[in-house]
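Please look over the sequence and the model shown below.

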Amino acid sequence: MQPGRGEGYAPFRANGRLASGNASQREHYFENEDETMAITRAEASTLSKGRPFPKATLLAAVDILAILAGFAIALGLLELRPDFAARLQLVPARVALDLAVVGGLVLFFHASGHYAERRAFWQELAEILGAFAVALLLDAAGMFFLKLESSRLSVLGFWTIGCVALVVSRWSVKSWLVARGLWSVPAVIVGTGQNARDLALALLDDPLRTFHPVAFVDPLGEQSGTLAIEREQSLPVIAAHGDPFTIVRQFPHARVLVGLELDAFVTHKSFLERLSRIHHDIELMLPFRGLPQRRYYRTHWVNHDITTVRLTSGLGSRSQRSIKRVFDLVVASLLLVLLGPLFLVLMACVAASGRPIFYGHMRVGRYGQPFKCLKFRTMVPNAEQQLSELLKRDPNAAAEWLRTRKLKNDPRITRIGRFLRRTSLDELPQLINVIKGEMSLVGPRPVTAEELEAYGVYREYYLQSRPGITGLWQVSGRNQLDFRRRVHLDAVYVQNWSLLGDIVILLMTIRVVFSGRGAY
């Protein structure tokens with residue numbers, strides 16, 4: 001079976017053979033004789049010509065059925081209301097309008113590569129949420145202009161439940177495809193520095209694992225053996241010795257991702273140019289570290305082959321900060337109402353282990369304003385004294401505290417406290433901090449004045465935003481990350497803030513909390 005779009009990487013296919021063009025074109029594909037590979041007609045004839053699995057058609061059909069099923073579920077739930085008239089929602093004009101919007105959604109997903117390209121799950125989810133928000137507005141506007149007497153609640157229900165149904169069904173189908181090797185793609189990462197390791201970790205962290213890294217490539221061959229990634233994982237390092245054909249010969253079906261450091265692009269310019277002539281589908285990790293990258297605008301000066309990129313920061317304007325604050329107030333208030341019974345039960349459980357119920361630790365807020373970050377008490381009353389004594393007598397614990405500011409086996413934690421920490425329910429009282437304006441639902445990790453000094457040049461980014469109950473570091477490994485990585489993620493969040501990004505991080509937090517990964 002020949003790979004479909006996004007799986008094979010022309011011009012090479014199985015066994016490193018050139019699989020496009022006629023025989024003479026294949027034999028003379030490369031300009032330089034030292035790059036020519038002997039590929040004969042006999043070799044080309046061995047390539048499989050089977051029909052590719054129709055994944056794009058399957059995914060599009062699943063999306064359409066999922067949205068319509070979501071509409072039916074919403075309609076069934078609304079019919080439970082005695083004052084709801086289902087017949088008014090199914091008039092021909094309303095049905096035609098909704099089908100047109102559904103068709104537009106599917107076309108958008110197709111144009112955006114959701115049915116063919118391999119994308120990061122959370123990026124795809126953000127695009128789905130944004131698309132459904134636009135669809136809801138288009139449906140409401142269409143009913144207004146067509147003067148249809150339909151329930152406003154039906155509009156919200158149709159597109160909300162339809163969105164949930166689509167996400168669940170697409171996740172299920174793509175997981176099924178990944179399990180059968182029909183959607184996952186091996187990835188080879190060019191580079192052996194911190195950028196390459198971070199890129200490999202990002203691929204391993206993706207919930208769908210559409211890319212699975214198989215090796216690093218050292219363009220000059222100065223390094224070989226294996227290269228460790230975080231969480232005790234490692235990958236082999238392939239020494240290319242300046243020959244990009246090394247990747248093609250050993251990994252003919254792999255996606256090539258370039259994760260070089262910024263200064264290495266000059267050193268490996270010739271290697272990358274030759275590699276780009278072999279593989280038509282290469283992904284390049286932007287090597288800029290510490291710069292905002294969410295909003296950028298490209299200008300290409302055609303007559304001089306120069307490209308400029310304009311970068312803008314995420315939380316730079318007053319309107320963006322106001323949007324974030326309104327979102328925090330609305331969601332935090334709703335959560336306090338919905339979780340009120342759970343809040344009272346946890347208060348009673350903590351009170352049974354002693355007093356006080358709440359613990360307020362002084363942290364640095366926006367613009368350097370100190371505040372008490374509220375939590376359910378999870379430690380014994382004399383926790384600070386016990387910590388001081390422990391760090392003095394245990395050098396391993398002292399080293400762990402210096403590295404992460406946490407202890408994996410902390411003897412100060414109570415029995416109920418371990419449960420609260422493992423489930424992250426100890427941070428539930430911070431919703432009060434959010435309503436008071438001291439914290440945000442999503443933001444940098446709240447730190448002490450001592451920790452803030454260790455932020456160095458990233459200190460200004462932290463002070464621009466309210467600390468968050470959750471954030472990028474919590475959904476990227478939590479306590480398994482070292483302090484350096486946490487600081488970097490806090491800066492990245494502030495630079496690239498968006499409301500949709502906050503929503504995605506909240507959804508990611510739910511997954512992390514239920515998995516219990518990295519919590520202690």
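## A pair within helix α10

Lys-269 and Glu-273 both belong to helix α10, where four residues, about one turn of the helix, separate them. Their side chains form a salt bridge with an N to O distance of 2.5 Å. Lys-269 is partly exposed at a relative accessible area of 48%, and Glu-273 is partly exposed at 38%. The model is a predicted one, and the distances and areas in this report are computed from it.

His-268 sits in the loop between α9 (264-267) and α10 (269-278). This histidine is buried, because its relative accessible area of 9% falls under the 20% cut-off. Leaving aside residues up to four places away in sequence, His-268 touches Pro-219, Leu-220 and Leu-260.

## Other salt bridges

The whole structure contains 13 salt bridges. One of them joins the side chains of Glu-117 and Arg-119, at 3.6 Å from N to O. Which of these two partners is buried and which is partly exposed? Glu-117 is partly exposed, with 34% relative accessibility, whereas Arg-119 is buried, with a relative accessible area of 12%.

Arg-249 is bridged to Asp-243, and the closest N and O atoms of this pair are 3.1 Å apart. Arg-249 is partly exposed, its relative accessible area being 46%. Salt bridges also link Asp-63, Glu-124, Arg-170 and Lys-174 into a network.

Strand β4 (residues 233-239) pairs with β2 in a parallel arrangement through three bridges. In this pairing, Phe-216 has Val-237 of β4 as its bridge partner.

Strand β3 (residues 225-229) and β4 run antiparallel and are joined by five bridges. Here Leu-227 stands opposite Leu-235 of β4.

## Helix α7 and its cover

Helix α7 consists of 12 residues and spans 16 Å from its first C-alpha to its last, close to the 16 Å expected at 1.5 Å a residue. Its buried residues are Asn-195, Ala-196, Asp-198, Leu-199, Ala-200, Leu-201, Leu-203 and Leu-204.

What covers these buried residues? The cover includes strands β1 (185-190), β2, β3, β4 and β5 (255-258), together with helix α19 (483-495).

## Nonpolar cores

The largest nonpolar core holds 34 residues, and those with the most contacts inside it are Ile-67, Leu-105, Phe-109, Phe-132, Trp-159 and Leu-166. Helices α3 (55-78), α4 (92-111), α5 (121-146) and α6 (152-179) each contribute at least two residues to this core. In soluble globular proteins, nonpolar side chains tend to be buried together.

Leu-166 touches Asp-63, Ala-66, Ile-67, Phe-109, Ile-128 and Phe-132, with residues up to four places away in sequence not counted. Asp-63, one of these contacts, is also a member of the salt-bridge network with Glu-124, Arg-170 and Lys-174. A second, separate core has 31 residues, including Leu-346, Ile-357, Met-439 and Val-494.

Arg-209 has a phi near 50 degrees, a positive value in a residue other than glycine. This arginine is found in the loop between α7 (194-205) and β2 (211-218). Arg-209 is partly exposed, with a relative accessible area of 40%.

Ser-424 is not a glycine either, and its phi is positive at about 65 degrees. The loop that holds Ser-424 lies between α15 (415-423) and α16 (430-435). Is Ser-424 buried or exposed? Ser-424 counts as buried, because its relative accessibility is 17% and the limit for buried residues is under 20%.

## Cysteines

How many disulfides does the model contain? The count is zero, where a disulfide would need a pair of cysteine sulfur atoms within 2.5 Å. Cys-349 is partly exposed, with a relative accessible area of 33%, whereas Cys-373 is buried, with a relative accessible area of 3%.

Technical notes. Residues numbered from 1 in each chain as written. Predicted model: local features only at pLDDT ≥ 70, side-chain atom pairs only at ≥ 80, totals over all residues. Heavy atoms only, no water. Buried < 20%, exposed > 50% of the residue type's maximum accessible area, 1.4 Å probe, protein only. Contact = heavy atoms within 4.5 Å. Salt bridge = Lys/Arg side-chain N within 4 Å of Asp/Glu carboxyl O. Pairing = 2+ DSSP bridges. Expected span 1.5 Å × (residues − 1). Core = buried A, V, L, I, M, F, W, Y, C linked by side-chain atoms within 4.5 Å.
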